[in-house]
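Visitor: Could you help me read the packing and the aromatic rings in a protein model? I would like to take one feature at a time.

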Amino acid sequence: MVQGAVLLSHLRCVVGNIPHHALYYNNMALDLEYTPATPLDDLVLVQGRTEDMPFNIGGVTATSKDVTMTLTILLPPTHGSLISLDQQVLQSGSIITMSFGASKIPVVYKSYDDDFFSLPEPTIDAEPDVFQYKLEGYDPETGALIGSSGGDEIPALQKIHIQNVNHPHKLLAPQGSVQQALSLVSGKPMATITGIEVLDKDKDINVVRVDLEVETGKLGLNEEFRHLADFDSCRVRFKEKLPRTYSWRCVGNGVHNQRMTFLARPSQVKTILTDLKYVSLTEHKEDGLFISVFDGIGGDFISEYEQTHSSNRIGTMLIRYSSVQNGCYAERAYVRLVGNPEISSDDETGSNNELINRATSLGWTIHIAIGLVVFLLVGIVLRIVLFGFRRHKRGSAAVGFE
């Protein structure tokens with residue numbers, strides 16, 4: 001298997017800005033006199049940049065007296081760790097005493113798993129990361145506990161969504177060449193191409209554009225999986241839905257096409273191209289299959305409208321969140337389709353001579369059969385004529401006798 005070459009120098013796309021500051025500062029309403037545990041709003045961080053986005057945990061409403069606050073981590077996050085600004089890793093049971101008058105502390109979230117994200121919602125690992133904590137207030141003079149929120153029974157719960165950043169894909173294709181073979185059904189050189197695959201760590205939340213093209217022959221998708229290829233979402237591309245200049249559209253239908261362009265989930269490209277059929281229509285013994293895969297938004301890539309309206313779109317596309325486009329990626333591979341030595345020119349000449357001899361022999365057989373049929377018909381006609389003549393002659397003799 002070989003990875004396709006990256007083609008980025010002449011392609012246009014839209015790259016989204018990644019913020020370098022905190023997006024949200026969430027305060028949990030906490031009245032120490034009544035100790036409610038109000039859940040925080042969901043926090044959204046960008047994949048791969050979570051440490052650049054500090055956020056606050058804690059926060060109380062006005063109280064009847066000044067208090068000293070402590071924050072205790074009850075359950076740390078699963079896919080990352082919480083780190084205070086003084087580089088303290090906050091684990092289960094960690095207690096932080098805040099400065100007098102403060103009720104919240106800034107922390108950063110450091111992800112353990114660079115592949116984890118929860119927005120847009122993929123098919124798996126869709127749940128956000130979660131951590132739990134509690135706040136306690138003490139009298140600064142006596143040290144007596146005044147009130148708490150988020151105890152063991154009703155902890156304060158903070159959800160952390162990680163927003164996906166579009167990653168480069170990998171295009172795999174057969175290495176070397178694929179030989180053609182003479183079809184016993186059509187009598188034309190054909191080839192079955194396998195091993196084309198797209199690997200993408202974004203879990204199918206973004207569709208990709210797939211281009212297939214041969215120089216002289218025709219291509220056909222496996223009928224069983226043809227429906228997985230989306231030829232319709234980008235067949236007619238409206239200018240009002242494409243703010244940038246566009247230079248391509250979906251073509252073909254997967255049946256006897258020299259060129260086809262469709263949208264698909266990355267993981268389904270392998271299935272769609274299972275046993276890809278090639279048929280040669282000329283006397284040339286060699287052809288080539290060009291495979292291109294485009295992953296990105298805008299320009300030479302898929303529009304945002306097509307991305308959200310493709311029939312292959314999966315998961316929940318939230319209006320507010322989509323993948324951060326940190327770049328656009330395109331790869332191309334070439335598969336050489338060579339003639340099989342078994343159908344070389346000499347063999348074809350011999351095969352043609354054999355076909356001519358068979359046709360000649362068949363022609364003589366047909367001529368002989370036709371001759372026999374004509375001979376039999378002539379014999380039958382002569383017998384009928386002779387029989388009629390004899391009857392006429394007998395009738396004439398009987399009249400003369402009378």
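Guide: We will look at the nonpolar cores and then at the aromatic rings. Keep in mind that this is a predicted model.

Visitor: Which residues of the largest nonpolar core touch the most other members?

Guide: Among the 30 residues of that core, they are L212, F262, L273, L276 and L289.

Visitor: Which element gives the most to this core?

Guide: Strand 18 does, contributing four residues. Elements that supply two or more residues include helix 1 (266–272), strand 20 (259–264) and strand 22 (287–295).

Visitor: What does L273 touch, leaving out residues up to four places away in sequence?

Guide: L273 has contacts with I193, I196, L212, L221 and F262. There is also a second, separate core of 28 residues, with L43, V67, I96 and F131 among them.

Visitor: Now the rings, please. How is a pair of aromatic rings described?

Guide: By the distance of the centres and the angle of the planes. This structure holds four aromatic pairs. In one of them, the ring centres of F294 and F301 are 5.7 Å apart and the planes stand at 80°, so this pair is edge-to-face.

Visitor: Are F294 and F301 buried or exposed?

Guide: F294 counts as buried, at 9% relative accessibility, and F301 is buried with a relative accessible area of 1%.

Visitor: Which charged end sits over the ring of F294?

Guide: That of R209, 3.9 Å from the ring's centre. Elsewhere, K203 lies over the face of F117, at 5.1 Å from the ring centre.

Notes: Residues are numbered from 1 along each chain as its sequence is written. This is a predicted model: local features need pLDDT of at least 70, side-chain atom pairs count only at pLDDT 80 or more; totals for chains, interfaces and linings use all residues. Side-chain values use heavy atoms; hydrogens and water are left out. A nonpolar core is a set of buried Ala, Val, Leu, Ile, Met, Phe, Trp, Tyr and Cys residues joined through side-chain atoms within 4.5 Å. Buried means under 20% relative accessible area, exposed over 50%, partly exposed in between (1.4 Å probe, protein chains only). Contact means heavy atoms within 4.5 Å. Rings of Phe, Tyr and Trp (its six-membered ring) pair if their centres lie within 6.5 Å; planes under 30 degrees apart count as stacked, over 60 as edge-to-face and the rest as tilted. A charge sits over a ring if NZ of Lys or CZ of Arg is within 6 Å of the ring centre and within 35 degrees of the ring normal.
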